[in-house]
Amino acid sequence: MTALRILRGIEFGRPQNADPLLLDLYVPAAAPAGGGGSRQAGLPAVVHFHGGGWRTGERSSLGPGVDGFRLSPIEQLAAAGFVVASADYRLTDTATFPAQLLDAKAAVRWLRAHAVEYGVDPDRIYAWGDSAGGHLASLLGLTSGSAEFVDPARSPDADGDSQVAGVVAWYPPTDLATMGSQARPDAVARADDPASRESLLIGAQPADAPAKARAASPATYVHPDAPPFLLIHGTADRFVPVEQSTAFAAALEAAGNVVHLLLLEDADHMWQLPDRSTTAAEQATAATIDFLCRQAKQH
């Protein structure tokens, strides 16, 4: 792999009544031939958000299942010529939605504000997330400039654009109101279960608070000017029903947007397969890098 500088624990935000928000920054020493490529303005960059049902997880992790494969998708993306920032966000034991989205926006603003320092092209910043992180990445792609999600507590020097030029989402929750009814018979978790991850996110059961469920759902914000999306989902996902991605892709496409949907047969959450192989994780990683490299070359 291309030599990397990994800068860990950089503070990018300090929400009220919460710990500082940190990110890890993966900076390639040089862009390899055939990768994302460099421009005079800098390298393309990706802001990554971890999964964990908004209640657990940590930056620079793709969950225990994927981490256990030792494929290092973040490092692979950096080796392809991208600066990668893997960022914290407040978990649900600290704050409910929209705190998590505000933190995600703050991470993008921070990276754009420090673009020159780290050799980033500010016009080629993308969002990537897995599971709950895919939910946040999708919201980032759809709510740029929205007056609904401006943090009133952010400092005056935190102004800046949180727009992203493309989104990759692995098995993302996209419509909290329909997740419960879409759950598989063998589901490990259901959105309408008591104390579900989704209820902890919005502070109420989705069925009892439809307005809150809609407000926290990427599907609510689909519009004709969304950036390109890549959605990757396993057909046997027992945590986030695959219909969350298929219906979301259909809505994005119906609005006239560019969307690529990759369904990985028999793959469960975190790319677990019945034969315990790494095949699905390898396919998802390769598709992610290919999509982002193509987007970076087109911008």
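1. R59 forms a salt bridge with D24 (a side-chain nitrogen of Lys or Arg within 4 Å of a carboxyl oxygen of Asp or Glu), and the closest N and O atoms of the two are 2.9 Å apart. This pair links distant parts of the chain, since R59 sits in the loop between strand 3 (43-49) and helix 1 (63-67) while D24 belongs to strand 2 (residues 21-28), 35 residues apart; helices (H or I, at least four residues) and strands (E, at least two) are DSSP runs, numbered from the N terminus.

2. The model is predicted, with local features needing pLDDT of at least 70 and side-chain atom pairs counting only at pLDDT 80 or more, whereas totals for chains, interfaces and linings use all residues. Residues are numbered from 1 along each chain as its sequence is written, and side-chain values use heavy atoms, with hydrogens and water left out.

3. On accessibility, D24 is buried, with a relative accessible area of 4%, whereas R59 is partly exposed at 22%; buried means under 20% relative accessible area, exposed over 50%, and partly exposed in between (1.4 Å probe, protein chains only).

4. The structure holds nine salt bridges, and one of them joins the side chains of R14 and E11, at 3.0 Å from N to O. Here R14 is exposed, with a relative accessible area of 60%, while E11 is partly exposed at 35%.

5. A further salt bridge brings together the side chains of D186 and R184, at 2.8 Å from N to O. D186 is partly exposed, with a relative accessible area of 38%, and R184 is likewise partly exposed, at 28%. As for shared partners, salt bridges join R8, D24, R59 and D88 into one network.
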